[in-house]
Amino acid sequence: MTHRILIVDDDLHIREVIRVALKKAGMNVVEARDGKEALVRFSNDRPDLIVLDIGMPEFDGLDICREIRKSSDVPILFLSARDDEIDRVLGLEIGGDDYVTKPFSPRELVARVNVILRRLTPRPGAPEPGALSKGQLSVDAEQHVATFAGMPLHLTAIEFGILRTFLTRPVAVFNREQIMSAAYQLNIQVSDRTIDSHIRNIRAKLAAVNCDSVIETVHGVGFKLGRCEP
């Protein structure tokens with residue numbers, strides 16, 4: 001399956017670098033120079049993933065992400081020239097799946113894109129579990145559907161992968177390194193704060209459907225699945 005990636009950046013050189021790297025990896029690419037064009041491209045081309053620069057004038061990447069999240073859970077990989085942890089966590093909290101700072105390695109960016117896409121399209125023949133559940137929480141990996149008490153959950157690809165990981169071992173306690181390995185694969189390293197941000201997002205989305213016991217903190221160790229009941 002050939003994936004379509006939308007690159008959004010006001011810097012022509014950066015778009016070219018990303019375009020070449022993604023095409024070399026066998027992906028189709030569409031581009032946008034600013035926020036308004038990005039929304040048009042998103043609507044017309046229906047990309048499988050968006051590589052989105054945060055620092056654009058007028059309509060920046062965070063604004064675009066908020067607008068897209070009103071109607072879609074398409075994976076979003078943020079780019080930013082600022083290696084500021086507050087910005088990174090903010091980007092993830094409003095619905096981003098991952099975050100890369102400039103200057104970046106095109107090879108690493110492609111690897112991160114592939115990790116996110118694999119969360120959406122499990123390999124044929126891979127031992128992927130089907131429907132997993134605990135309490136009133138259910139995750140179907142094959143259909144990429146998550147529900148609580150029958151209500152659909154709008155999760156990012158990384159959030160979906162984290163919940164699925166917990167459900168494969170519903171009584172286990174996972175430390176951050178285990179969660180990171182399951183969610184990102186390919187030995188890609190992210191900070192503990194990034195994992196905490198994803199956990200916080202999952203809790204908030206479940207709380208919105210009346211579940212406040214989805215993931216519990218085990219102090220000094222990590223996290224475990226809660227009762228998953230209203």
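These are my notebook entries on a few local features of this structure.

**Ground rules.** I am working with a predicted model, where local features need pLDDT of at least 70, side-chain atom pairs count only at pLDDT 80 or more, and totals for chains, interfaces and linings use all residues. Residues are numbered from 1 along each chain as its sequence is written, and side-chain values use heavy atoms, leaving out hydrogens and water.

**Entry: the three-stranded sheet.** I looked up an open sheet of three strands, in the order E10-E12-E11, with antiparallel pairing. Its edge strands are E10 (173-174) and E11 (215-218), since each pairs on one side only. I took strands (E, at least two residues) and helices (H or I, at least four) as DSSP runs, numbered from the N terminus. Two strands pair if DSSP finds at least two bridges between them. E10 and E12 (residues 222-225) pair over two bridges. There, Val173 stands opposite Lys224. Four bridges join E11 to E12. Thr217 has Phe223 in E12 as its bridge partner. The hairpin of E11 and E12 has three residues between the strands, and Gly220 takes a positive phi near 85° in that hairpin.

**Entry: Glu58.** Where does Glu58 lie? I found Glu58 in the loop between strand E3 (49-53) and helix H3 (61-69). Its phi is near 65°, a positive value in a residue other than glycine. Most residues other than glycine have a negative phi. Glu58 counts as exposed because its relative accessibility is 79%. My classes are buried under 20% relative accessible area, exposed over 50%, and partly exposed in between (1.4 Å probe, protein chains only).

**Entry: His144.** I noted another positive phi at His144, near 55°. His144 sits in the loop between strand E7 (137-140) and strand E8 (145-148). At 23% relative accessibility, His144 counts as partly exposed.

Entry: Which residues does a cis peptide bond join here? Lys102 and Pro103, with omega about -5°. Most peptide bonds are trans. Pro103 lies in the loop between E5 and H5. Ser105 is in the loop between strand E5 (98-101) and helix H5 (106-120). Ser105 counts as partly exposed, at 34% relative accessibility. From Ser105 to Ala21, I noted 84 residues in sequence and 9.9 Å in space, C-alpha to C-alpha.
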